[in-house]
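Open the model in your viewer and keep the selection tool at hand, as this tour moves from one selection to the next.

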Amino acid sequence: MDAELEKVGVVGVGWVGLVSATCFAELGHEIVALDVNEEKVEALRRGEVTIHEPGLAELLKTNAERITFTTSMDDVLASARLLFCCVDTPPTYSGDADLSRVRSVVEQLPEGSDHALVMKSTVPSGTGASIRRGKPDLPYISCPEFLKEGSAIQDFMHPDRVVIGADADAEKAADAVERLYAPLGGEIVRTDVASAEMIKLASNAFLATKISFINEIANVCEQTGADVTEVARGMGLDERIGASFLQAGIGYGGSCFPKDVSALKQLAGNSGYHFQLLNAVIEVNELQKRRVIAKLEKHLGSLADKRVALLGLAFKPDTDDMREASSLVLSARLQGEGAEVVAYDPVAEGTASAMLPDVHMAGSATEALHGADAAVLVTEWPEFSELDWASVRESMNTPILIDGRNYLDPEMIRAAGLVYEGIGRQDAKNGEG
Ligand code: UGA
């Protein structure tokens, strides 16, 4: 299969599909990219990118002539042999991944053709085997994606590793996928389909575990007087542990960790194994989102009729993604306590307003903070570290700041006259501020 001489097919131009299509085009490949959403395809043809991903709009523009957007599977099948499946697999109510969009893609692949399906969508271990039972002749590759929102282009262009899972009869297609990724220089992990699928789920579940672990350490630090940022620094220097994903805060969110941890737990359960650790990871994360309420009450007493400003709403900076964002739980809890919630996010206001209809959206951080009884930093947008905190202090009703991401320098905030409390930082124990 000389895939490098042909167009690369990308099916589903959500976040993963669009980033992959654009980056493959940047590597010099011709791309045919399909989405069932006609409006989205029309917008992309006009060069409009509707998701917020740094650098994506610019890169799409410079590679526009190499990417054909279409709503027709026939267009894709006619010009590409290697089809990257990038449709989404949202969680169902039971926590399983919803594979209906994946199945619909598979159904459209003609029997006996020489097309190969490269699965980028996150699917439970065993999905490849089940697809191949229905289509035994289909060369099937599992090639999970490890991109992070907000740094997806950088992650695509400089991967730590590229996992390519294929069974013996799909080796040719796997070689073609390997050639596509080879210029990027990351270590190529060739393995079987089931293991490739598990590498993806296990990686996300492990990272989520790391976060819930450091969050519990933070909670213990608040009891003992240790500072979790110091603890994480000291732990992270051990190469076996590593420094990344040891930032304590008010819980992980996004479209991946919550979904994949549940999917792995469910997958284990379905196969008769009770994955105890993952239950705790999920529970700790849910509780972590709520701990801020107790911190606010410690300073303010009852939250009824108190005005609380949320700085940031997106599940992390550099994205407008609100899926499973900690701000959703936090604002609901605050409103449940009778507080008035005002929020500011530099890019997520559009996606957030529909999900948070009773939250007043401010046009700037200073507007949100004006007259507030307390502020909670929810998302570590860089602009929050550049605020004139002395002026903020003057404009707030009571100058209390809960730093839900341990993002700001406590000394700087205290020097500006505010009461500062982070997550698992020394001040939290005594509430000295
Ligand atoms: C995550 C993985 O990091 C990617 O490798 C993977 O490809 C992706 O899921 C996916 O499966 O598609 P993403 O959800 O974009 O990427 O975001 P992360 O940067 O991993 O952050 C997830 C959440 O964890 C955020 O809410 C963040 O605030 C939180 N987090 C992260 C912490 O609370 N502490 C940390 O130390 C790191």
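Which pocket is the space taken by the ligand? That space is the largest pocket, where a pocket is, on a 1 Å grid over the protein atoms alone, an open set of points where a 1.4 Å probe fits, with protein on both sides within 12 Å along at least five of seven lines.

Before selecting anything, note that this is a predicted model, in which local features need pLDDT of at least 70 and side-chain atom pairs count only at pLDDT 80 or more, while totals for chains, interfaces and linings use all residues. Residues are numbered from 1 along each chain as its sequence is written, and side-chain values use heavy atoms, leaving out hydrogens and water.

Next, select the shell of 19 residues around the ligand, each with a heavy atom within 4 Å of it; the closest are E145, L147, E149, K200 and N204.

Now zoom in on E145, where a polar side-chain atom lies 2.8 Å from an oxygen atom of the ligand, and then on F146, which places a backbone N or O atom 2.8 Å from a ligand oxygen atom.

Finally, select α9 (193–224) and α11 (257–270), each of which supplies at least two residues of the shell; α9 gives the most, with three residues, helices being DSSP runs (H or I, at least four residues) numbered from the N terminus.

Note on methods: A polar contact is a pair of N or O atoms within 3.5 Å; within protein, one must be able to donate a hydrogen and the other to accept it, and residues adjacent in sequence count only if both atoms are side-chain atoms. On a 1 Å grid over the protein atoms alone, a cavity is a set of points where a 1.4 Å probe fits but cannot get out, and a pocket is an open set with protein on both sides within 12 Å along at least five of seven lines; lining residues have an atom within 4 Å of a point. A molecule sits in a cavity or pocket if more than half of its atoms lie within 2 Å of its grid points.
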